[in-house]
Amino acid sequence: MTSKLDYALLAMDAYNRGDAGIVSIGLLVPSTTKVGDFELGGSRANAIAGFFAQSYQLGTQSIISYRGTDTNPLVELRKDAANGWAGGAGTYTTQQAVLA
């Protein structure tokens, strides 16, 4: 069973990966293929839409972590507002919703 701490660690990992799925900052070693007991899976990025997702595998369990809204620099916040926020209101044709 996956704990809340596991989910938090995977979310932190996804936030610290660059658009190519490589750790760019944070606590995790760039060349690793594991985060704790979880194996890295595929990732999907679209810098223009402000989107990034990373998948993880533990046995038969798969978890996908999505980055949330970035506010720094301000241009990242604008990307989220333009390409994703309407998804929260049920408009699932925004770029971020389609990419997810």
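Strands E3 (residues 51-58) and E4 (residues 61-66) run antiparallel and are joined by six bridges. This pairing is seen in a predicted model, and it makes a friendly starting point for a walk through the fold. Within the pair, Ala53 has Tyr66 of E4 as its bridge partner, while Ser55 faces Ile64 of E4. Two residues sit between the strands of this hairpin, and Gly59 there adopts a positive phi near 60 degrees.

Taken together, the four strands form an open sheet with antiparallel pairing, in the order E1-E2-E3-E4. Its edges are strand E1 (34-35) and E4, each of which pairs on one side only. Glu39 is found in strand E2 (residues 38-46). Is Glu39 buried or exposed, or does it fall in between? With a relative accessible area of 36%, Glu39 is partly exposed, because a residue counts as buried under 20% and as exposed over 50%. Leaving aside neighbours within four places in sequence, Glu39 is in contact with Thr33, Lys34, Ser55, Tyr56 and Gln57. Glu39 and Ser62 are 23 residues apart in sequence, and their C-alpha atoms are 9.6 Å apart in space.

Ser65, in strand E4, gives a second example. Its relative accessible area is 8%, and Ser65 is therefore buried. Apart from neighbours within four places in sequence, the residues in contact with Ser65 are Leu10, Ala11, Ala14, Phe52, Ala53, Gln54 and Tyr56. A distance of 6.3 Å separates the C-alpha atoms of Ser65 and Ser55, which are 10 residues apart along the chain. In general, side chains in a regular strand alternate between the two faces of the sheet.

Which residues make up the largest nonpolar core? The six residues are Leu10, Ala14, Val35, Phe38, Tyr56 and Ile63. Phe38 touches Thr2, Asp6, Leu10, Thr33, Tyr56, Gln57, Leu58 and Ile63, with residues up to four places away in sequence not counted.

Helix H2 (residues 74-83) contains both Glu76 and Lys79, which are three residues apart, about one turn of the helix. These two residues form a salt bridge, with the closest N and O atoms 3.1 Å apart. A search of the whole structure finds one salt bridge. Both partners, Glu76 and Lys79, are buried. By way of background, side chains of opposite charge can pair when their charged atoms come close.

The buried residues of H2 are Glu76, Lys79, Asp80 and Asn83. Viewed down the axis of H2, these buried residues fall within an arc of 95 degrees, so they line one face of the helix. On the face turned away from the buried side of H2, the exposed residues Arg78 and Ala82 are found. Helix H3 (95-99) is included in what covers the buried residues of H2.

Finally, some totals describe the chain as a whole. Of the 100 residues in the protein chain, 29% are buried. The accessible surface of the chain comes to about 6200 Å², and 59% of this surface belongs to carbon and sulfur atoms. Among contacts between residues at least 6 apart in sequence, 41% join residues at least 24 apart.

Key: Residues numbered from 1 in each chain as written. Predicted model: local features only at pLDDT ≥ 70, side-chain atom pairs only at ≥ 80, totals over all residues. Heavy atoms only, no water. Pairing = 2+ DSSP bridges. Buried < 20%, exposed > 50% of the residue type's maximum accessible area, 1.4 Å probe, protein only. Contact = heavy atoms within 4.5 Å. Areas by Shrake-Rupley, 256 points an atom, 1.4 Å probe, with all protein chains shown as cover. Salt bridge = Lys/Arg side-chain N within 4 Å of Asp/Glu carboxyl O. Core = buried A, V, L, I, M, F, W, Y, C linked by side-chain atoms within 4.5 Å. Arc of directions from axis to C-beta.
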